Amino acid sequence: MAQPPSRGNRPVPKSEPEAGKLVQQLTFILAGEEYGIDILSVREIRAWSKLTRIPQTPAYVLGVLNLRGAIVPVIDLRLRFGLPREGYDSNTVTVVAAVGNRLFGVVADSVADVFNAYEDRIKPVPDLGAVVDTRFLKGLAGDGERMIMLLDLERLMRPEEAEALDAAMPEIADVAVAA
Amino acid sequence: MGTVDLTQFHQVFYDESLEALDGMEEALLALEHGVQNPGADAPERVNAIFRAAHSIKGGAATFGFNDLAAFTHVLESLLDEIRSNRRAADEEMIELLLQAGDCMRGMLTRTRAGTPVADLTSESLRARFAAMLGNPAAAAASPQASELPVAGWRIHFRPRANLLRSGNDPLRMFRELARYGALVVKQVQVLQQPRPAFAELDPTAPMLAWELELHGDIKRRDVEGVFEWVEGDCDLAIELLHDRRAGEVPQDAAPSAAQDADKPGREAGAHTDAGSIRVGIGKVDALIDMVGELVITQSMLGNIGEHFSMDRLGRLQEGLAQLERTTRELQDSVMRIRMLPIAAVFNRFPRLVRDLEHRLGKRVRLELRGETTEVDKTVLEKIGDPLVHLVRNAIDHGLETPAARVAAGKPETGVLRLEARHEDGYVVVEVSDDGGGLRHGPIIAKAVELGLVSPGQELDDQEIAELIFQAGFSTNKEATDLSGRGVGMDVVRRNVRDLGGSVNVRSREGQGSTFTIVLPLTLAIIDGLTTAVGGERYIIPLVSIVESLQLKARSVRHVAGGGEVFHFREEWLPLVRLHEVFGCAGAETAVERGIVVVVDAGGRRVGLLVDALVGQQQVVIKSLEAHYQRIEGISGATIANDGGVALIVDVDGVVRASARRRAA
């Protein structure tokens, strides 16, 4: 359980005709749906363990854990997406991922698979209504009936207020002042 | 893979070049001292300067830093002429060489940052050196810029990362410039492009750079004076604007710019990236010994564990005791690697003092003591700015002019002493001068004006000294001295507090002042009291704890506005319920069943209500911001004994947060 999936153990099908760039996804299950994150950003998969709660944070920030001396925040994806949280069991996992230099953990129901997604076949996210917060999705991948929602980790980690303020701030540029 | 990747040696080149520049500066200052008091060791000093320039040139050429190599090349040629006595090393030349050193420091910083290396300053200095080499007479005979009619000044002002953090305000400086003449903003440049996302926005990081024109017949000294306090915290170029109607050709602007350009890059050594550290081989050997011990202890314990029987319990306990001892020694040795002599900070002061002496017309003898005192690298990086401020203050406001000193019956030359020493687990740094001390009259007048004290109130020396640490309290006392220049002592105190230290002053009017900064040896470890609140653990830094006590329910009073207070040593202190501030579930709400920890939050005492005290221990501080963000009321985290995370309370922050809750 504690081993990160190795990138080498799955043969990459090279014979695919005109396949785009391969972006392998680690997929996991959340409320019956399959989600994927770029496998290159995954650092570790851990069994659920007790966390230290942090005051004055949104409910979906469950707390912090000690990852070999680094203090890493953990987000519950169910709470982040407004889904009910029934409890944590032996299948519950924390996937530790990195965005830039920052590490964080996301809690999912269970880990599913490693999926070979090709960039040119990733479809844009349709308007899913209020069921899922599509702000955090980068696109959809899958084959046949299977659908994998690809998560935008960077957005997931950014505080909501920052998002709103970013949108409100105009771009700025150098100004030459006439004498 | 045939070629060697040279970039791996860049860091070493930067480090060694900066070191060489420090050596060069030291030799130049000694040389200057020698010009005033001739001695025999001048040739050796010139040689040392030459060698420094030569090695930088060699390195720069090897790594392909062509601008830097070209600059050092002309400098080297000039030094060669001095070395072979074809040119005299007079005071003017030394001043120029000092400027060249500053300029190279700036170039090194820009090389490292990957930004264009040559700038106005370096180009004009290089041109000047080249002109001197080509025709010494012509260079000497060139007209002095100050003789030309002054139409005004063009000022390029680009704040560095630390400018706002040290309490300076560009707006205030512009207002001051505008008092001298008509100030026109020619261009505003955005420094952070693309604009950072809101979450990454640092309100204390400068966003803008300016190109200004100040019109009028103004002395260069006055313009420089406005920027005096931000020296090292900004890139500054002041160019002469000649009166065009007088038919002046702008060719003189370039050489004069060299003189006007401010000294770049000194602070830039304290860059934000991880950097490297040079460690004595002795410290590394000690570490290796310790690890060897650890391996032996581990194998011994492993052996006991494999064939364990109760009669071996004694040996097990012995082994564990040894493990504890070795671990602690290992921790000490590792921490010692980060300890560096404070000389690294002190060494910048001879130059600073020299420059201030020249500018302010004062005579100062600088005494450095305890330079070998070792402090943690992080402390070392952060103590510089407060010290520079105190030294500037001491020379600007503390020490009198030679004439005034003689009139007061003191020697003409003032003494400024910087002393560092260890004092039970802390580093003490003192800045003392034998100048005029704090002048009580003006300070009290100013305090009355600001409404800090009522007229006629009796104050002792200590209370008066405390006043200068109040926000907005300017230390300027002369009517002619422009107020609003620079920052107050409140910023110094705040910066030192941020490091977990304190700053105090002792002063005798007419006899001088002593500023004492007390800092923890390291920022990485604190003594903390672990407390339980609900099911959670919070660590309160021991330094801020006054006392902990149990209260009776009736000793807590409710005051109008919803706050609670309790009686403690003849005072009524506010009670802050930690579980309310942090929103802990299941915590003790009855005051008489919990414990109140009285803490000192920046001079204000409050009581923090917790469920129970768990224990006292040293904790290693970990940053929450590294992977998450700053949380109000929490200064960091640490790894608890069970491998989990415990949070460290930021006492000031908790008090602020609770005051806001009450107000809301």
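Start at the hairpin of E10(B) and E11(B). Three residues lie between its strands, and B:Gly510 there takes a positive phi near 85°. Strands here are DSSP runs of E with at least two residues, helices are runs of H or I with at least four, and both are numbered from the N terminus. This is a predicted model, in which local features need pLDDT of at least 70, side-chain atom pairs count only at pLDDT 80 or more, and totals for chains, interfaces and linings use all residues. Residues are numbered from 1 along each chain as its sequence is written, and chains are lettered from A and ligands numbered from 1 in the order in which they are written.

**Chain B: strands around E11**

Select residues 502–508 of chain B, strand E10. E10(B) runs antiparallel to E11(B), and seven bridges join them. Two strands count as paired if DSSP finds at least two bridges between them. Pick B:Ser502: opposite stands B:Val518 of E11(B).

Click B:Ser432; its bridge partner in E11(B) is B:Thr514. In general, strands of a sheet pair through backbone hydrogen bonds, either parallel or antiparallel.

**Chain B: two helix pairs**

Select helix H2, residues 42–63, and helix H3, residues 66–83, both of chain B. Their axes come within 9 Å and cross at roughly 155°. Axes are lines fitted to C-alpha atoms, for helices over the stretch in contact, and angles run from 0 to 180 degrees between N-to-C directions. H2(B) and H3(B) are therefore roughly antiparallel to each other. The cut-offs are under 35 degrees for roughly parallel, over 145 for roughly antiparallel, 65 to 115 for roughly perpendicular, and oblique for the rest. The crossing of H2(B) and H3(B) is left-handed, a term used if the near helix is turned anticlockwise from the far one by less than a right angle; clockwise is right-handed.

Show the side chains of this contact. On H2(B), pick among others B:Val46, B:Ile49, B:Phe50, B:Ala53 and B:Lys57. On H3(B), the contact includes B:Leu68, B:Thr72, B:Leu75, B:Glu76 and B:Leu79. Residues are in contact if their C-beta atoms, placed from the backbone, lie within 7 Å. By class, the contact of H2(B) with H3(B) holds 12 nonpolar, four polar and four charged residues. Ala, Val, Leu, Ile, Met, Phe, Trp, Tyr, Cys and Pro count as nonpolar, Asp, Glu, Lys and Arg as charged, and the others, Gly among them, as polar.

Next, select H14(B), residues 377–398, and H18(B), residues 489–498. Here the axes come within 9 Å and the crossing angle is roughly 155°. That makes H14(B) roughly antiparallel to H18(B). Their crossing is left-handed. H14(B) brings B:Asp385, B:Pro386, B:His389 and B:Leu390 to the contact, and H18(B) brings B:Val492, B:Asn495 and B:Val496. Four of the residues in this contact are nonpolar, two polar and one charged.

Zoom out to the whole of chain B. It has 20 helices and 22 strands. Of its 664 residues, 33% are buried, that is, 20 or more other C-beta atoms, placed from the backbone, lie within 10 Å of the residue's own. Among its contacts with a separation of 6 or more, 69% join residues 24 or more positions apart.

Switch to chain A, with three helices and 11 strands. From the N terminus, the elements run β-β-β-β-β-α-β-β-β-β-β-α-α-β.

Select E8, E1, E2, E10 and E9 of chain A. In that order, these five strands form an open sheet with mixed pairing. The twist averages 35° from one strand to the next. Look at E1(A), residues 22–30: eight bridges join it to E8(A), and the two run antiparallel. A:Leu22 stands opposite A:Tyr118 of E8(A).

Next comes an open sheet in the order E3-E6-E7-E5-E4 of chain A, also of mixed pairing. E3(A), 42–47, and E4(A), 61–67, are the edges; each pairs on one side only. Neighbouring strands are turned by 30° against each other on average, direction ignored. Pick E4(A) and E5(A), residues 70–76: they run antiparallel, joined by six bridges. A:Leu65 stands opposite A:Val72 in E5(A).

Finish with the whole of chain A. Buried residues make up 28% of its 179 residues. Of its contacts between residues at least 6 apart in sequence, 56% join residues at least 24 apart.

Note on methods. Contact = placed C-beta atoms within 7 Å. Buried ≥ 20, exposed ≤ 12 C-beta atoms within 10 Å, placed from the backbone.
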